[in-house]
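Biologist: Could we go through how the two chains meet in this model, one question at a time?

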Amino acid sequence: MDTSQLLKGVLDVAVLAVVADGDGYGYDVLRRLRAAGLDDVGDASVYGTLRRLYQGGNLTSYVVPSDEGPHRKYYAINDAGRALLERSTKTWASFADTMDAVLGVVRGAAA
Amino acid sequence: MTLMLTPEARAFVDAVRAELADLPDDDVVELLEDVEQHLAEAAADGRLGDLGSPAAYAAELRAAAGLPARAGGGHAWAPVRRVRGWLAVVMSTRWYGEVRAFAPELRPGWWVLRGYLLVVALAYWTHHSLREVVPIPHVSGNVLLGLLATAGAIVGSVAWGRRRAAYTRVPRTLTIAVNVVTALVALAVLNNAPHRTYHYDYVGASYPPTGLHGPFGQVNDIYPYDAEGRPLVGIQLYDRSGNALAPQVCDTYCPRLSFPLYDDPPQPIGPGSKYGMQTPLEPPWVPAPVVPTVVPTVVPTVKATPKATSKPTPKPTPKPKPTGTPRK
């Protein structure tokens, strides 16, 4: 199954969760998502999602000068973002339960 | 802000820029900031090869950012699409990437030049002669004002360029318009400027001699006088080949002479004179009478000839008296 299709639906909540865990710039968020196991996440998708969440008022941003390279635009979660994350987490949990149930039926039938 | 990127990364960014061209300027500028940051990080990470094609990257970025998919991709006028294709090919070449990576370093130079050229444009608008335009543009015909305006314009232009680089909020179209107008004016001035210098350059230039030659070199001006020293008007001069000598049209650009051309009325030149021509081919040349070197003494002899044909007794006495010295 192509996980990149699944990712499209849950990337928002995944990005929000990573940023809620700690402020990060685009490439940093990307790396943390991959490190968490989302290997198939697309670079441009992460950058685009960060921008959309920022424009939607769910993230704030600030620029940090860097010694070795370019200035980095960091994102931080705000109250609106935290509320969205909470709602999305509940939605995901109930959706995952539902899917587990559906798949459990199949697993049970197969067993 | 433009980052220093490797040529490959720069080419990728430019190709993505082309894919975003249908979006509003502000969106493009902000998206490209992110793209540049991303490409810099990915290049440092050795992951440029993982990014796929610029078109796919741009499509993914737009979708994730909640922007509409590329408009008119299939609807664009076929020639437009073809030109875009050529541009994409050019922009993906290595040399384009290198030039593009190097170009930002030239920007401060252009900002200075732009300030200067803006004042040149202003001076060109109101100039009386090109000397008031280049190299130092005058303002209201005043050098000092021109220098002050130039200094001010350069400072302003640099500030504008830096502001745009820092905040990217100055309307891009306005900057492009100013740049284009400035470049066009520069072209117009450069195109006109040589016309005035040619007049001076040719005098000293060593071209193979053509035309008339006197004892001091090539003859540049011909002032025909009759045997009595009166200027001849309404005549046409011909060279030895029978070609008409066109009078020089000298309305706007001829410099005023600061020295007199001749102290004395010029000597007639004819077949018999000291600096005479060889025999002309065609009749338009009316041979001058044989003349000695001092003009006024000739008068009696010249007038003696028509005596037989016209009036019976035109006396030589009413004529200016031969004094033996040339007229002033």
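**Where the chains meet**

Modeller: In H3(A), Asp43(A), Tyr47(A) and Arg51(A) meet Asp34(B), His38(B) and Ala42(B) of H2(B), contact being C-beta atoms, placed from the backbone, within 7 Å, and helices being DSSP runs (H or I, at least four residues) numbered from the N terminus. This is a predicted model, in which local features need pLDDT of at least 70, side-chain atom pairs count only at pLDDT 80 or more, and totals for chains, interfaces and linings use all residues. Residues are numbered from 1 along each chain as its sequence is written, with chains lettered from A and ligands numbered from 1 in the order in which they are written.

Biologist: Is Ala64(B) buried or exposed?

Modeller: Ala64(B), placed in helix H3 of chain B, touches residues of chain A including Ala44(A) and Arg52(A). A residue with 20 or more other C-beta atoms within 10 Å of its own is buried, with 12 or fewer exposed, and in between partly exposed. Because Ala64(B) has 23 C-beta neighbours inside 10 Å, it counts as buried.

Biologist: How many residues of chain B are in contact with chain A?

Modeller: Helix H2 (25–44) and helix H3 (54–65) of chain B each give two or more residues to the side that touches chain A. Facing 15 residues of chain A, the residues of chain B in contact number 17.

Terms used:
Two residues are in contact if their C-beta atoms, placed from the backbone, lie within 7 Å. Lists of a residue's contacts leave out its neighbours within four places in sequence.
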